[in-house]
Amino acid sequence: MPAIPEIEALVIESVRMLAEDFEVEVLKKPNRESPLYGEGGPLDSMALVNLIADVEEAVSEKFGASIALADERAMSAKKSPFRCVASLSEAIAERMPS
């Protein structure tokens with residue numbers, strides 16, 4: 001299983017590429033604390049769906065693992081895993097096969 005810093009690097013790169021495509025200026029230089037979605041987050045639901053698809057594909061390509069980020073656990077969580085880069089990275093780590 002990859003370490004959190006490796007996962008964060010993958011998420012940061014995915015966010016940066018999405019920011020370029022969607023012209024989200026504030027996310028063009030993301031870091032682990034960058035807000036993504038929800039309170040204070042710059043992404044709308046369409047951009048979030050694209051980010052989830054991009055991250056799932058990147059995880060598959062880089063780590064050879066198939067994960068689903070928009071699952072029941074994510075949708076029912078008290079704190080959204082999509083609120084910032086760090087929380088999204090933690091959600092990915094939790095879903096990685098052991």
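**Ground rules.** I work with a predicted model, in which local features need pLDDT of at least 70, side-chain atom pairs count only at pLDDT 80 or more, and totals for chains, interfaces and linings use all residues. Residues are numbered from 1 along each chain as its sequence is written, and side-chain values use heavy atoms, with hydrogens and water left out.

**Whole chain.** Read from the N terminus on, the order of elements is α-α-α-α. The radius of gyration, taken over C-alpha atoms, is 12 Å, close to the 13 Å that the globule rule (2.2 Å times the number of residues to the power 0.38) gives for 98 residues, so the protein is as compact as a globular protein of that length. Along the principal axes, I noted a C-alpha trace that spans about 35 × 25 × 20 Å.

I then looked up burial, which here means under 20% relative accessible area, with exposed meaning over 50% and partly exposed in between (1.4 Å probe, protein chains only); by that cut-off, 40% of the 98 residues count as buried. The protein exposes about 5,700 Å², of which carbon and sulfur atoms supply 51%; these accessible areas come from the Shrake-Rupley method with a 1.4 Å probe, and for residues only the protein chains shown count as cover. For contacts (heavy atoms within 4.5 Å), I noted that among those between residues at least 6 apart in sequence, 56% join residues at least 24 apart.

On charge, I found 10 positive and 18 negative side chains, with the centres of the two sets 6 Å apart. Lys and Arg count as positive and Asp and Glu as negative, while His and the chain ends are not counted; each charge is placed at NZ of Lys, CZ of Arg, CG of Asp or CD of Glu.

**Helix α1.** This helix covers residues 4-22, and its 19 residues should span 27 Å at 1.5 Å a residue, which agrees with the 26 Å between its end C-alpha atoms; the expected span is 1.5 Å times one less than the number of residues. Its buried residues are Ile 7, Glu 8, Leu 10, Val 11, Ser 14, Val 15, Leu 18 and Ala 19, and they pack against α2 (45-63) and α4. I kept in mind that an α-helix has 3.6 residues a turn, so residues three or four places apart point the same way.

Two other residues of α1 came up. Ala 9 lies in this helix and counts as partly exposed at 45% relative accessibility; Ala 68 is 59 residues from Ala 9 in sequence and 19 Å away in space, C-alpha to C-alpha.

**After α1.** Glu 23 follows the helix and sits in the loop between α1 and α2. Its phi is near 55°, a positive value in a residue other than glycine. Most residues other than glycine have a negative phi. At 67% relative accessibility, Glu 23 counts as exposed.

**Between α3 and α4.** I looked up Lys 79 in the loop between α3 (72-76) and α4 (85-95), where Lys 79 is exposed with a relative accessible area of 61%. Lys 79 and Glu 6 are 73 residues apart in sequence and 23 Å apart in space, C-alpha to C-alpha.

**Helix α4.** Here 9 of the 11 residues are buried, so α4 is largely enclosed by the rest of the structure. The buried ones are Val 85, Ala 86, Ser 87, Leu 88, Ser 89, Ala 91, Ile 92, Ala 93 and Arg 95, and they pack against α1, α2 and α3.

Which residues is Ala 93 in contact with, leaving aside its neighbours within four places in sequence? I found Met 1, Ile 4 and Ile 7. Ala 93 counts as buried at 13% relative accessibility, and although 89 residues separate Ala 93 from Ile 4 in sequence, their C-alpha atoms are 6.8 Å apart in space.

Terms used. Helices (H or I, at least four residues) and strands (E, at least two) are DSSP runs, numbered from the N terminus.
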